[in-house]
Amino acid sequence: MMLKPMLNGAVAMAWLASALFFLRFWVQSKDRLFAFFALAFTMLAGNSVVAALLDADDERRHYIYVVRLFAFLLILYAIWDKNRANRHGSG
């Protein structure tokens, strides 16, 4: 019973470590890609914390995964934005 919240906490810690990693690169380079990645990983960490605090196995609690959807869409947007900026900058 206590294994799921503990694993969700470990996953949240890993997401936050990844967010801090990309935040450090954003501070050094001021590249928007790193800022978007840091924000997305922070959102994923928050999702893991909420899943640990709530009973995520309940099918009526699907709305907590909407945050995960937005985080992955933010990552896709960041990649698209970076490629679009490189295309306009080199042309």
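Among contacts in the chain between residues at least 6 apart in sequence, what percentage join residues at least 24 apart? The share is 63%, where a contact means heavy atoms within 4.5 Å.

## Model and confidence

This is a predicted model, in which local features need pLDDT of at least 70 and side-chain atom pairs count only at pLDDT 80 or more, while totals for chains, interfaces and linings use all residues. Residues are numbered from 1 along each chain as its sequence is written, and side-chain values use heavy atoms, with hydrogens and water left out.

The average pLDDT of the chain (the predictor's confidence in each residue, from 0 to 100) is 88, and 88% of the residues score at least 70. Among the elements, helix α2 (residues 32-53) has the highest mean, 93, and helix α3 (residues 66-90) the lowest, 87. Where pLDDT is low, the predicted coordinates should not be read in detail.

## Secondary structure and exposure

The chain contains three helices and zero strands, in the order α-α-α from the N terminus. These elements are DSSP runs numbered from the N terminus: helices are H or I with at least four residues, and strands are E with at least two.

Of the 91 residues, 23% count as buried. Buried means under 20% relative accessible area, exposed over 50%, and partly exposed in between, with a 1.4 Å probe and protein chains only. The chain exposes about 6,600 Å², of which carbon and sulfur atoms supply 71%; accessible areas come from the Shrake-Rupley method with a 1.4 Å probe, and for residues only the protein chains shown count as cover.

## The loop between α1 and α2

Lys30 is found in the loop between α1 (3-29) and α2. Its phi is near 60 degrees, a positive value in a residue other than glycine. Lys30 counts as exposed because its relative accessibility is 56%.

The side chain of Asp31 meets that of Lys82 in a salt bridge, at 2.7 Å from N to O. Lys82 counts as partly exposed, at 27% relative accessibility.

## Salt-bridge network

Three salt bridges are found in the whole structure, each defined as a side-chain nitrogen of Lys or Arg within 4 Å of a carboxyl oxygen of Asp or Glu. Asp81 pairs with Arg32, the closest N and O atoms being 3.0 Å apart. Asp81 belongs to helix α3 and Arg32 to helix α2, so their bridge ties together parts 49 residues apart in sequence.

Asp81 also forms a salt bridge with Arg84, at 2.7 Å from N to O. These two residues are separated by about one helical turn because they are three residues apart in helix α3. Within it, Asp81 is buried at 8% relative accessible area, whereas Arg32 is partly exposed at 44% and Arg84 is partly exposed at 31%.

## Nonpolar surface patch

Val49, Val50, Leu53, Leu54, Tyr63, Val66, Leu69, Phe70, Leu73 and Leu76 make a nonpolar surface patch of about 930 Å². The elements giving two or more residues to this patch are α2 and α3, and α3 supplies the largest share, five residues. Patches are made of residues with over 30% relative accessible area and no salt bridge; like charges are joined within 9 Å, and nonpolar side chains (Val, Leu, Ile, Met, Phe, Trp, Tyr) within 5 Å.

Val49 lies in helix α2 and counts as partly exposed, at 41% relative accessibility.
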